[in-house]
Amino acid sequence: MARDKIYLEEEFPSPLLQLWHNFKETPVVMLGFSCFVFLTILALFSPLITPYTSVENHLDFLLLPPAWHNDGNVSFLLGTDNLGRDMLSRLMHGTSLTFGLSFVVVLISLVIGVIIGSFSALTSGIKSSFLNHFLDVILSIPSLLLAIVIVAILGTGLSNTLWAIIMVLIPQFVHITRNAVTEEFRKDYVLASRLDGASSLRILYHSVFPNILEKLISQATLAQSSAILDIAALGFLGLGAQIPMAEWGAMLKNGIDLFYIAPWTVYLPGLAILFAVVATNLVGEGMRHALKVSKEA
Amino acid sequence: MSILAVKQHIFKAMLLPFLCVISACNTENDKSLSNHSIVYCSEGSPESFNPQTVTSGTTIDATSNQLYNRLISFRGEQNTIAPSLAKSWHVTRDGKMITFYLRKDVAFHQTNYFTPTRFFNADDVLFSFNRILSAEHPFHQVSGGKYPFFQSVSFSNVVQSIEKINDYTIRFKFKYADSSILANIASDFAVILSKEYADALVLKNIKREIDTLPIGTGPFKLKEYRPGAYIRYAPHQDYWDKPSSLEQLIFDITPSSIGRLTKLLAGECDVIAFPIAHEKIKSKPELELEEVTSFNVGYLGFNTVKPPFNNVNVRQAVALAVNKQAIIDTVYQSKADMAHSLLPKTSWAYNKSTLAQTYDLSEAKKLLVDAGFPDGFTMNLWALPVQRAYNPDAITMAKLIQADLKKIGIKVLIENSLDMGSFLEQLSKGEHQSVLLGWSADHFDPDNFFTPLLSCSSAKSGNNRTFWCNEDFDDLLQQALETTNVTQRKRFYSRALAIISTEVPLIPIAHSKRFQARKNIVKGEFLSPFGGIDFSKASKN
Amino acid sequence: MLTFTLRRLNLFIFTMFLLTLLSFSLSFLFPGEQLINISGQVNATPEQLIILGEHYQTQSNVFQQYFAYVNMLFHGDLGISMASQLSISTEIMNFLPATIELTLVALFIAMLFGIPIGFIAAINHRKATDNIILSISMIGYSIPVFWLGLLAILVFSIQLGWLPSAGQISLLFEIEHVTGIQFIDILLSNSPYKWQAFQDASAHIFLPACVIALAPATIFVRLARSAMMEVLESQYIRAAKAKGLSFRQIIYHHAIRNAMVHVIRDVGLQFANLVTIAMVTEVIFSWPGIGRWLIESIYQRDHTAIQGGLLALSAFIFIVHIVTDFIYAALNPLARESRHGT
């Protein structure tokens with residue numbers, strides 16, 4: 001015979017778990033999150049799942065519209081471009097490039113930015129004031145402009161674009177880390193640890209980081225959506241990934257010349273970018289909302 | 001007045017510019033302006049306003065038939081030579097002397113930088129040609145001293161002297177008879193400039209302006225030029241032939257082909273150059289697509305003085321590896337003929353039996369191994385940055401060739417970052433290993449396909465992008481020029497074509513048609529099978 | 001107010017110092033010879049190069065070279081463009097006004113639509129309107145601007161034929177280039193078609209400005225919404241409600257004014273973002289502005305032009321930022337206190 005629970009157990013989930021609970025509550029956000037996961041899986045496994053490779057030229061099947069058109073062909077589900085390359089495969093492969101690489105880029109800038117930011121928060125005086133002003137100036141230059149200039153120095157190509165975007169995102173993380181750490185350092189629990197004799201580094205690692213983690217994650221999602229758009233914009237301008245790479249922005253650039261004869265070559269990559277950015281933004285929104293709710297609770 | 005009322009007023013005031021914009025959509029007032037103007041979307045900026053100094057089709061289109069006239073021109077279905085600034089001419093039996101009788105009462109342009117005080121006469125003809133021929137001429141070195149077309153047809157070698165008999169008669173004396181000389185004088189490059197203007201420029205010490213602020217006798221004069229943006233032409237009111245009915249002719253410089261098409265579809269341009277998406281244009285009732293069988297060839301040229309293409313086996317290997325049919329289908333969208341030789345079928349010197357390269361990958365690999373490149377090599381391929389009739393999309397073509405050559409182990413690096421001016425400049429310096437370029441003939445004579453492209457003199461002037469110089473080939477061309485007997489000339493040209501087939505300084509890829517799209521309210525003929533466009537007869541309904 | 005001005009001036013000078021330092025160092029970082037990168041004289045003869053070297057103090061140490069560079073800047077000499085061989089300051093003066101025109105119109109449209117919609121969302125907080133507005137603004141914020149531009153041209157220029165797709169004004173009108181800002185130039189010109197030209201220029205600017213304005217507008221929606229929500233929660237609003245003021249009176253007389261003040265502060269920050277979007281949009285709509293010029297210079301590897309353009313554009317953004325700071329400080333005396341680090 002099943003018995004009801006007699007003792008009411010109280011659960012005290014950790015902050016991260018609590019965040020997750022709050023996060024789960026909004027259905028729209030969960031939808032965004034599942035799309036995000038879907039994209040991540042696609043990015044990781046696309047070379048295995050694509051029906052054709054992304055650079056194969058099928059010269060007998062040039063400019064096929066997607067399969068639901070009269071002239072379409074089911075073996076090329078989303079049509080082909082002007083060199084006969086399958087749109088579906090290219091879009092899937094592009095997930096690893098535009099979406100996947102944006103994730104990598106954000107991760108790298110996060111780590112570097114946090115390190116620099118914490119060190120800068122620990123120092124004070126003229127050095128730190130100079131760094132602050134320097135950061136403010138860098139932050140006031142539009143990110144795409146800065147990335148374009150860095151690409152102009154390094155040369156075009158996908159890897160240089162990534163370095164450029166990393167360099168552009170680092171100041172954002174430095175700024176946020178520095179502000180957050182400085183704020184936390186003013187709090188009492190840090191003082192308590194210090195009185196106990198803990199070194200700054202130890203305080204940083206054990207006490208402060210777990211508390212600012214949420215802010216960092218929220219900034220990271222913002223940075224990722226901006227990184228996706230920047231990678232695509234640079235690809236579109238011809239400064240980033242070059243054709244025949246299947247990056248979404250470069251695909252769009254290729255599609256412009258065909259806009260009137262093969263509009264799907266423009267619609268599809270654009271929709272892909274929109275989809276990825278919306279998913280990332282939803283996840284970010286959900287995260288921020290969950291943060292707010294847990295702070296209020 | 002209550003704040004609410006103030007806010008309502010502010011709201012209405014903000015609505016006004018909005019309505020302004022909406023009403024701009026249906027304005028009837030500027031109809032008159034657009035009814036008498038033609039906006040032509042061109043594919044690039046002209047390098048100069050004087051066709052003598054260039055061979056680029058973009059510059060010829062913009063200047064030659066708009067600003068200038070020549071002594072003689074091509075007219076009619078058969079493209080026969082017809083009078084222009086020369087009313088008539090007489091050629092001696094041995095072909096060594098031509099006398100031109102010039103037209104009277106031809107006025108030069110009057111602009112805000114020059115006012116002519118006399119009509120056109122023999123002095124102007126003397127000036128225009130002596131500038132090219134004589135290295136001591138005060139204007140010879142202006143703008144670089146290069147006259148590529150004339151150098152490539154060895155103009156200064158053929159012409160012995162030019163004499164002024166009287167104000168309206170001029171006599172050309174030649175060192176030897178050249179059957180293509182009349183065609184060369186009728187070409188778009190041999191324009192007539194104003195000596196009076198040149199003298200005025202010398203006084204002000206700004207000789208360069210003869211090529212940048214042009215004065216001619218043509219149906220249009222230059223009003224304003226913004227590089228990279230637009231050229232504004234006004235009609236020449238005192239034009240000796242029938243003046244244009246237009247009030248303005250504007251060249252809207254739009255290098256992107258999709259940009260030109262967009263402007264045509266949105267109504268911002270009346271005529272566009274090198275249209276793409278032909279089906280879309282044909283499906284619109286208010287637009288018209290025209291085509292002209294063009295006398296041209298698109299080719300892949302090798303720089304034969306630099307390794308690895310100084311080795312004929314390597315050149316032949318590449319020729320065997322390029323899939324021309326795929327290029328025709330993709331780049332030309334099947335609207336071109338595959339080229340078997342340099343000459344298109346429509347030329348009377350075309351020879352069916354000229355050996356064409358087949359598509360044979362294993363043979364290509366074998367040749368590479370024989371030539372000492374068993375593992376292939378890396379090469380650069382320069383793709384021309386603008387659309388031309390002979391090549392609507394060099395970058396895609398380069399990518400297809402890149403994929404083709406990968407199959408025999410050759411790695412291709414595509415170079416297309418320059419604008420057309422720098423591109424041609426670097427080519428003439430021989431900076432390339434191979435190039436995708438082409439040639440639109442300037443007149444019907446088959447010599448125009450050979451001498452400017454592959455002769456030794458052309459290699460010296462930099463117009464022969466292959467820098468290939470073959471004595472036997474040059475001899476054949478010379479012999480073909482010295483006779484007017486068509487059968488004999490045909491024989492010489494077949495032998496010349498055979499040499500090209502074995503030596504492969506270039507791979508001819510396609511002969512294409514030249515297309516143009518316009519709104520059907522624009523009337524008049526302005527495309528010709530060779531040479532630049534001509535808006536003198538254009539008008540709007 | 002004086003201390004505020006002095007602090008701002010201090011910040012401006014410091015920023016200009018950093019920007020010039022950045023653009024100066026670019027000449028070393030770009031591939032190619034440093035002297036040619038900084039001056040643009042690709043065709044110089046060896047003698048000319050020596051004279052140029054003296055101008056830029058290439059024989060001395062880096063600091064003197066930097067001062068020589070700044071000296072040239074003060075004389076308005078930014079070098080010449082490697083591609084067109086025209087003076088860069090002339091090119092910038094030709095193209096910058098067009099960008100100023102476009103970005104200001106876009107900013108105006110973004111504020112005109114973004115702020116009221118944000119207020120409406122805040123007032124209807126937790127109701128359907130709020131959610132709809134938030135969702136639409138989320139999508140608006142996520143659309144890649146280059147894609148949006150292409151679609152806008154397809155729909156509005158080609159399918160509907162309402163608006164033109166490229167350029168600042170139809171080439172049929174001959175308007176002399178005086179300031180570079182079309183609307184002013186039209187008024188100053190003596191063309192008989194002034195009114196049509198004005199309409200034509202408005203039609204040309206409308207589509208690109210709207211495309212640019214979309215993303216910033218969505219940001220203004222959020223900013224206005226959160227500002228308004230904060231204001232609506234505040235004590236004085238509650239007091240007004242308690243006093244019995246009507247809803248309309250509360251909103252128009254009290255809430256908007258106070259919320260606006262908060263929003264204005266962030267307008268300056270958003271401007272940098274807006275200019276970036278404008279650069280890409282200029283390429284799509286062939287708008288003859290400095291963004292398009294800068295991107296073309298990058299294609300052509302014109303290092304001198306990139307240096308000059310970057311400097312000019314960043315300075316422009318920063319000046320607008322400071323101007324909005326001043327406007328904000330004028331409206332809100334509280335902001336005149338010192339702020340650390342920012």
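This is a predicted model: local features need pLDDT of at least 70, side-chain atom pairs count only at pLDDT 80 or more; totals for chains, interfaces and linings use all residues.
**Exercise 1. The interface of chain B and chain A**

*Solution.* 
1. Begin with the residues: the contact involves 14 residues of chain B and 11 residues of chain A.
2. Turn to the area. Chain B and chain A bury about 1,100 Å² between them, and carbon and sulfur atoms give 72% of this area.
3. B:I258, B:T330 and B:K399 account for 38% of the area that chain B buries against chain A, more than any other three residues.

**Exercise 2. The interface of chain C and chain A**

Describe the contact between chain C and chain A, and state which side chains meet in a salt bridge.

*Solution.* 
1. The contact draws 41 residues from chain C and 39 residues from chain A.
2. The area buried between these two chains is about 3,600 Å², with 83% of it on carbon and sulfur atoms.
3. Within chain C, the residues that lose the most area to chain A are C:F146, C:W147 and C:L150, which together make up 18% of what that side buries.
4. The salt-bridge count between chain C and chain A is one.
5. The partners are the side chains of C:R222 and A:E285, with an N to O distance of 2.6 Å.

**Exercise 3. A helix pair in chain C**

Characterise the fold elements of chain C, then classify the crossing of helix α9 (residues 194-233) and helix α10 (residues 235-243) of that chain.

*Solution.* 
1. Chain C contains 13 helices and zero strands. Its C-alpha atoms fill a box of roughly 85 × 55 × 40 Å along the principal axes.
2. The axes of α9(C) and α10(C) come within 5 Å and cross at roughly 60°.
3. α9(C) is therefore oblique to α10(C).
4. The residues in contact are C:V231, C:L232 and C:E233 from α9(C), and C:Q235, C:Y236, C:I237 and C:R238 from α10(C).
5. Sorted by class, this contact has four nonpolar, one polar and two charged residues.

**Exercise 4. Confidence in chain A**

Which elements of chain A have the lowest and the highest mean pLDDT?

*Solution.* 
1. By element, the lowest mean, 74, belongs to helix α1 (residues 15-25) of chain A, and the highest, 88, to helix α9 (residues 248-256) of chain A.

Technical notes: Residues are numbered from 1 along each chain as its sequence is written. Chains are lettered from A and ligands numbered from 1 in the order in which they are written. Side-chain values use heavy atoms; hydrogens and water are left out. pLDDT is the predictor's confidence in each residue, from 0 to 100. Helices (H or I, at least four residues) and strands (E, at least two) are DSSP runs, numbered from the N terminus. Axes are lines fitted to C-alpha atoms, for helices over the stretch in contact, and angles run from 0 to 180 degrees between N-to-C directions. Angles under 35 degrees count as roughly parallel, over 145 as roughly antiparallel, 65 to 115 as roughly perpendicular and the rest as oblique. Contact means heavy atoms within 4.5 Å. Ala, Val, Leu, Ile, Met, Phe, Trp, Tyr, Cys and Pro count as nonpolar, Asp, Glu, Lys and Arg as charged, and the others, Gly among them, as polar. Buried area is the accessible area (1.4 Å probe) that two parts lose on being put together, summed over both. A salt bridge is a side-chain nitrogen of Lys or Arg within 4 Å of a carboxyl oxygen of Asp or Glu.
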